[in-house]
Amino acid sequence: MTNFDYYAPTKVVFGKGTENQVGELVKEQGCSKVLVHYGSGSVIKSGLLDRILQALDKAGVSYVSLGGVVPNPRLSLVYEGIELCKKEQVDFILAVGGGSVIDSSKAIGYGVANGGDVWDFYERKRQATSCLPIGVVLTIAAAGSEMSNSSVITNEDGWLKRGYGNDCCRARFAVMDPELTMTLPKYQTASGCVDIMMHTMERYFNQEENMDLTDGFSEHLIRTVMENAQILMKEPDNYKARAEVMWAGSLSHNGLTGCGTAGGDWASHQLEHELGGMFDVAHGAGLAAVWGSWARYVLDGNPARFAQFAVRVMGQTEGEDEKETALRGICAMEEFYRSVDMPTSLAELGIHPSDEELRELAEKCSHFGKRTVGCIKKLDQEDMYQIYKMAL
């Protein structure tokens, strides 16, 4: 069994109406001024932002606000947030939204606490030593950023999408009311469910001697999300299904499903990041579009693991050999994606990259030939190109 560290310091406040506790939760942090960071549209139209600001006023917490976060959050807004925090002497950030808002908040926190160009961290030129403390009011179950140590930012200069992980950015608290997710469109709900599943699947597919307990937890988490995703396609206001998915999102990315896996593969995420950077697609949908091609391309690297996934997660019967069983599981997962209107190819995702663009995607994913990704099979730039091509 592989040694591991597990660190999950975030306080979770889960359930109906829990956003009403935000004022006191922030006050407990002993901060002098808060940046309320959010997206646009839904948090304003729903009245949630007003309720959050009223809660802060009631608790006597001083704040400034910055909205405008978009999916695949932009570096330019991060820079704006850093300057605002410095000007207003902000010492706590409250992220009100989903993964994009939380990731943007983490990047702002890095930039204020460490100085220099925050993009250096995402380019792996240096490591952050601290981050402004962050709290979260979660409105979308997907990214798991509310309990993770990671964030992903898009740099408009070259449309590079890069991730960075550091435990110092983990949220102090996460307020999770499943009712806040009930107004999400079906596409966004399904995309979020795929993202949640993939955070566990990335860890599940590895080359280690895995713990049975971690495997069992991971397998049940994936099945739980699949079952409730299908419920939500028909019953978007089903509270139990929303709650199951929201809690799964946090547990899928707080490190629990990675205990003993030595980290996992993560190639699908790296491949999708470049799609998000170039074409601004929804993250979960992009993952669904490339996963099947990735799985078939790397399958021979560990057919036993894929066969186990096929039987235990996808409920498939065993074939004549491990590879046949594994392929049944891959096909079954693609059928699930289709059942919740998620794409299984780039065409179904709504994009049609030229061969030149496919090569550019591979070039960026390989950091211009400087890295490989994945562990089931280490993928170089040419491998990445072939997977993108298969996914067309």
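In the predicted model, helix H10 (residues 267-279) packs against helix H16 (residues 381-390) at an angle of about 70°, and the two axes lie 11 Å apart. The crossing in which H10 passes H16 is right-handed. On the side of H10, the contact is made by Gln 270, Leu 271, Glu 274 and Leu 275, while H16 contributes Met 384, Ile 387 and Tyr 388. By class, the residues of this contact comprise 5 nonpolar, 1 polar and 1 charged.

The model also contains an open sheet of 6 strands, in which the pairing is parallel and the order is S1-S8-S5-S4-S2-S3. Strands of a sheet pair through backbone hydrogen bonds, either parallel or antiparallel. The edges of the sheet are formed by S1 and strand S3 (63-66), each of which pairs on one side only. On average, and with direction ignored, neighbouring strands of this sheet are turned by 15° against each other.

Strand S8 (residues 173-176) is joined to strands on either side in the order of the sheet, S1 and S5. With strand S1 (residues 11-14), S8 runs parallel and is joined by 4 bridges. Within this pairing, Val 13 has Val 175 of S8 as its bridge partner, and Phe 14 has Met 176. Strand S5 (residues 134-138) likewise runs parallel to S8, with 4 bridges between them; here Val 136 stands opposite Ala 174 of S8. In a regular strand the side chains alternate between the two faces of the sheet. In S8, Phe 173 and Val 175 are found on one side and Ala 174 and Met 176 on the other.

S2 and S4 run parallel and are joined by 5 bridges, with Phe 92 of S4 as the bridge partner of Val 34. The pairing of S2 with S3 is also in the parallel sense and extends over 4 bridges; in this pair, Val 36 stands opposite Ser 65 of S3. From S2, Val 34, Val 36 and Tyr 38 point one way, whereas Leu 35 and His 37 point the other way. Because 5 of the 5 residues of S2 are buried, this strand is largely enclosed by the rest of the structure.

Helix H4 (residues 75-88) lies across S2 and S3, and runs at about 165° to S3. Helix H5 (residues 99-114) lies across S2, strand S4 (92-97) and S5, and its direction is at about 165° to S4.

Gly 41 and Ile 102 are 61 residues apart along the chain, and their C-alpha atoms are separated by 16 Å.

A further pairing involves strand S6 (residues 150-155) and strand S7 (residues 160-165), which run antiparallel and are joined by 6 bridges. S6 is mostly covered, since 5 of its 6 residues are buried. Asn 155, a residue of S6, has a relative accessibility of 11% and therefore counts as buried, the limit for that class being under 20%. When neighbours within four places in sequence are left aside, Asn 155 is in contact with Leu 75, Trp 119 and Leu 160.

Definitions and conventions:
Residues numbered from 1 in each chain as written. Predicted model: local features only at pLDDT ≥ 70, side-chain atom pairs only at ≥ 80, totals over all residues. Heavy atoms only, no water. Axes fitted to C-alpha atoms, helices over the stretch in contact; angles between N-to-C directions. Helix = DSSP H or I, 4+ residues; strand = E, 2+ residues; numbered from the N terminus. Left-handed = near helix turned anticlockwise from the far one by under 90°. Contact = heavy atoms within 4.5 Å. Nonpolar A, V, L, I, M, F, W, Y, C, P; charged D, E, K, R; others polar. Buried < 20%, exposed > 50% of the residue type's maximum accessible area, 1.4 Å probe, protein only. Pairing = 2+ DSSP bridges.
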